[in-house]
Amino acid sequence: MSTDRYPFREIEAKWQGIWEETKQFRVREDPSRPKFYCLEMFPYPSGRIHMGHVRVYAIGDLLARYKWMRGYNVLHPMGWDAFGLPAENAAIEHGVHPVIWTYENIDYMRTQLVKMGISYDWGREVTTCDPAYYRWEQLIFIRMLERGLAYRRRSTVNWCPSCQTVLANEQVEEGRCWRCDSEVTPREIDGWFFKITSYAEELLAWCDRLPGWPERVLTMQRNWIGKSEGAEFDLPVEGHPDLSIRVFTTRPDTVFGMMYAVLAPEHPLVDRIVTHPAEREAVARFRAEVARQSEIERTAADRPKRGLRLSARVVNPFNGAPMPLFLADYVVMGYGTGAIMAVPGEDERDWEFAEQHGLPIIETVKRPDGWSGKAYTGDGVKINSAFLDGLTVAEAKRRATDWLVSRGLGIAKINYRLRDWGISRQRYWGAPIPVLYCDACGMVPEAEENLPVTLPRDVQLSGKGGSPLANVASFVNATCPRCGGRARRETDTMDTFVESSWYFLRYCSPGYDRGMFERSAAEYWMPVDQYIGGIEHAVLHLLYARFYTKVLRDLGLTNIDEPFIALLSQGMVIKDGAKMSKSKGNVVSDDFVREKYGADTGRLFELFAAPPEKDLEWNDQGIEGASRFLNRVWRFVLGRLTELGGGEAPLPDHAGAAAVPTPTTEAGRAFRRTIHETIRRVTDDLEREFHFNTAIAAIMELFNALQTFEAASGDGSGAAPERAALLREAIETMLLLLGPFCPHVTEELWSRLGHAESLFKQRWPVADPAALQKTEVTVVVQVDGKVRGRLLVDVDSADDRIRQLALGDDRVRPWVERRRVEKVVVVPNRLVNIVTRA
């Protein structure tokens with residue numbers, strides 16, 4: 001085998017074969033060892049893995065291999081988030097059945113992951129479109145239905161009248177269908193929901209008990225849950241004694257600054273309040289305009305607010321003053337009551353709207369001195385507020401709420417922005433919802449012994465006309481499990497987020513056929529110790545997984561409260577100024593990188609180019625540099641095998657790096673100090689902060705020091721056991737530290753050194769405290785605060801000795817000899833500060 005260039009194709013195939021043959025990464029529960037559950041978010045089998053995907057798998061593999069070497073029993077599984085709309089689209093566009101398309105992609109992507117050398121336990125692979133998987137979430141759906149945590153109601157969806165189908169939010173582009181460009185309209189349909197709002201308070205409270213999560217992600221979850229404390233009360237509609245509008249506010253102290261009220265355009269009271277034909281036409285036009293916007297667009301803080309003033313007015317119950325009533329796009333039905341009181345003096349959004357419509361503004365909180373802004377949202381003393389004047393904001397909130405409650409006009413209220421999780425999808429390629437509709441019995445859950453309810457294969461997919469399942473008679477027509485009569489199956493399928501809300505539990509016992517998972521296995525492995533995935537999943541997937549885990553706990557299936565102890569949200573891979581993706585045409589194929597440079601080179605580049613939480617800019621020069629480094633390591637180690645005794649009798653298993661007695665020369669001691677400082681640096685970078693890039697930099701510095709020491713200490717001929725021992729310790733340490741980053745090349749070189757057992761069954765190096773001790777230190781000498789010299793002295797030298805050396809130093813003497821030395825301050829092992837006067 002060539003020693004000139006690293007033959008990565010041969011070496012990578014060799015070690016991948018050995019790892020598979022020996023089942024090196026297959027694990028079982030072992031109570032005698034600490035466990036570590038390392039998990040990357042499983043992929044959708046879209047067809048090909050590119051270098052934008054590789055980053056997350058490289059991070060997970062690095063951590064898994066590192067923990068193996070630290071003595072942990074590591075669970076590192078992989079599977080496939082296999083349901084989803086792209087499979088249906090492929091079927092429509094290319095005439096390939098979703099089952100065939102999905103499993104062909106899985107086979108290809110699995111091969112790619114194996115060729116990357118990722119340390120997965122492939123014996124635990126799960127595929128969510130397998131009925132053996134989704135049968136269990138159908139059972140949990142029934143349990144949730146029994147407890148009121150799953151329910152059916154009407155909701156508004158995006159409807160394409162041309163395609164005759166429901167569109168997901170991401171399929172609506174500027175108010176039009178992504179496929180046919182028709183204008184999308186809102187439509188009400190019946191759908192299924194999970195009652196995640198019942199867990200809102202617990203989900204919020206646990207955000208303060210996840211120290212291993214990035215604060216950015218926790219903030220996003222807190223904001224999504226959106227807890228608000230305030231008051232709810234009625235605004236009578238002037239001239240309509242039977243009508244009032246319920247509003248919620250977090251600032252009841254500002255009621256005397258209420259200048260107008262706003263209804264969401266879709267509020268059900270609008271049709272009762274608006275009776276004149278011309279005004280109804282204006283309302284219909286406004287509603288149609290608003291319907292073209294997503295909720296995110298409507299509520300965005302940085303966009304203009306649009307409103308329609310109605311002829312009706314409402315009355316402020318605190319002072320009896322009539323106020324204008326508007327419809328506005330920035331108020332939505334899903335939060336609070338779908339109506340707000342507007343206080344432009346203390347709300348920036350209301351201020352902008354009031355200015356736009358020429359409405360008066362009353363300040364109800366005294367501004368700080370020098371205030372020059374518009375709306376004031378800070379604390380202060382109440383003004384222009386009748387019986388609330390002189391109170392602080394907090395005091396006035398309580399007083400105003402008490403006033404409402406005492407008169408029966410309102411209540412104290414806590415609201416959440418979080419809404420129940422709509423899980424219905426009018427799609428084929430998803431888990432069927434296990435419900436039937438019987439003329440005699442009504443809505444009936446499927447009998448448990450009939451689960452799973454499986455998808456039929458004989459389905460026509462056109463992308464039009466709602467759920468394709470509705471046209472499959474063999475699926476729709478069924479028998480009622482309660483009365484035995486004729487029944488019709490539910491044709492909606494579940495949101496794919498349901499499958500990804502518990503897959504991590506299934507990995508604990510993927511072959512278990514008596515339940516979702518074997519409880520004893522889940523109690524050993526769960527929760528996940530390190531979860532890794534993109535920031536784009538910061539809210540929905542992670543929040544749904546947290547909710548579903550709590551539901552399973554309350555159903556008695558598990559005892560864990562949270563699924564993930566720690567979370568790493570890796571940054572994106574950027575190329576040509578944009579996120580690497582097939583839709584942008586800027587992907588770099590993993591196959592291409594592996595064929596040209598090898599898997600280890602691709603991994604090394606992506607782990608070195610940027611900290612894991614930051615975006616990574618792809619560049620060809622960087623990957624060329626990673627390739628050059630690995631080739632240098634390859635040539636250096638193979639070129640010293642004779643001196644190091646490589647290829648002789650196998651060394652003891654679990655030996656780690658070779659032990660070395662204390663060197664007799666200063667150069668030897670300094671070099672060994674560098675070895676052990678590197679161990680400490682790399683360990684700290686991996687263990688504490690995930691600074692993979694600086695860990696790699698430290699390994700590269702060790703390699704440079706190794707080359708320098710080897711060149712300076714002779715050719716190794718004659719009696720030079722100390723040199724050989726130090727070289728071997730340095731090389732073996734370097735390979736052990738580099739192993740989790742570049743597993744193939746390090747395994748090969750480790751075996752060439754004479755080791756019979758895998759590098760990843762060795763102990764992770766531990767820095768030797770004795771080697772880290774310095775006998776000499778450099779002390780900086782300052783004169784009147786400026787550096788004038790440096791001294792190399794013995795560690796812990798006496799202060800008097802340090803003063804004498806500093807004052808006598810040739811570089812320092814010119815700065816003190818014509819001045820009076822007033823004081824000499826010695827900071828041991830660090831600094832001498834000489835203070836002088838003319």
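These are my notebook entries on a few local features of this structure, which is a predicted model.

**Entry: salt bridges**

I began with the salt bridges and got a count of 68. I then picked out the pair Lys-14 and Glu-748, whose closest N and O atoms are 2.8 Å apart. Lys-14 belongs to helix α1 (residues 8–21) and Glu-748 to helix α25 (residues 743–752), so this pair ties together parts that lie 734 residues apart in sequence. I looked up the cover on both side chains. Lys-14 is partly exposed at 35% relative accessibility, whereas Glu-748 has 2% and counts as buried. The cut-off for buried is under 20%.

Next I went to the stretch that holds Asp-809 and Arg-811, whose side chains form a salt bridge at 3.2 Å, N to O. Asp-809 is buried, with a relative accessible area of 13%, and Arg-811 is partly exposed at 47%. Arg-813 and Asp-810 also meet in a salt bridge, here at 3.1 Å, N to O. I noted Arg-813 as partly exposed at 34% relative accessibility and Asp-810 as exposed at 59%. Elsewhere I noted a network, joined by salt bridges that share partners, made up of Glu-202, Arg-546, Lys-550, Arg-553, Asp-554, Asp-561 and Glu-562.

**Entry: a charged patch**

I looked for charge on the surface and found a negative patch formed by Glu-173, Glu-174, Asp-181 and Glu-297. I placed Glu-297 in helix α10, which covers residues 295–299. Its relative accessibility is 38%, so Glu-297 counts as partly exposed.

**Entry: strands around β27**

I followed strand β27 (residues 776–783) to its partners. With strand β28 (residues 786–794) the pairing is antiparallel and has eight bridges. Val-783 faces Lys-786 of β28. The two strands make a hairpin with two residues between them, and in the turn Asp-784 has a positive phi of about 50°.

I also checked β27 against strand β30 (residues 831–837). These two run parallel and are joined by four bridges. In this pairing Val-781 stands opposite Val-832 of β30.

**Entry: Gly-668**

Is Gly-668 buried or exposed? I found a relative accessibility of 1%, so Gly-668 counts as buried. This glycine sits in helix α22, which spans residues 666–689. I also looked up its separation from Arg-723: the C-alpha atoms of Gly-668 and Arg-723 are 7.7 Å apart in space, while the two residues are 55 apart in sequence.

Key. Residues are numbered from 1 along each chain as its sequence is written. This is a predicted model: local features need pLDDT of at least 70, side-chain atom pairs count only at pLDDT 80 or more; totals for chains, interfaces and linings use all residues. Side-chain values use heavy atoms; hydrogens and water are left out. Patches are made of residues with over 30% relative accessible area and no salt bridge: like charges are joined within 9 Å, nonpolar side chains (Val, Leu, Ile, Met, Phe, Trp, Tyr) within 5 Å. Accessible areas come from the Shrake-Rupley method with a 1.4 Å probe; for residues, only the protein chains shown count as cover. A salt bridge is a side-chain nitrogen of Lys or Arg within 4 Å of a carboxyl oxygen of Asp or Glu. Lys and Arg count as positive and Asp and Glu as negative; His and the chain ends are not counted. The place of a charge is taken as NZ of Lys, CZ of Arg, CG of Asp or CD of Glu. Buried means under 20% relative accessible area, exposed over 50%, partly exposed in between (1.4 Å probe, protein chains only). Two strands pair if DSSP finds at least two bridges between them.
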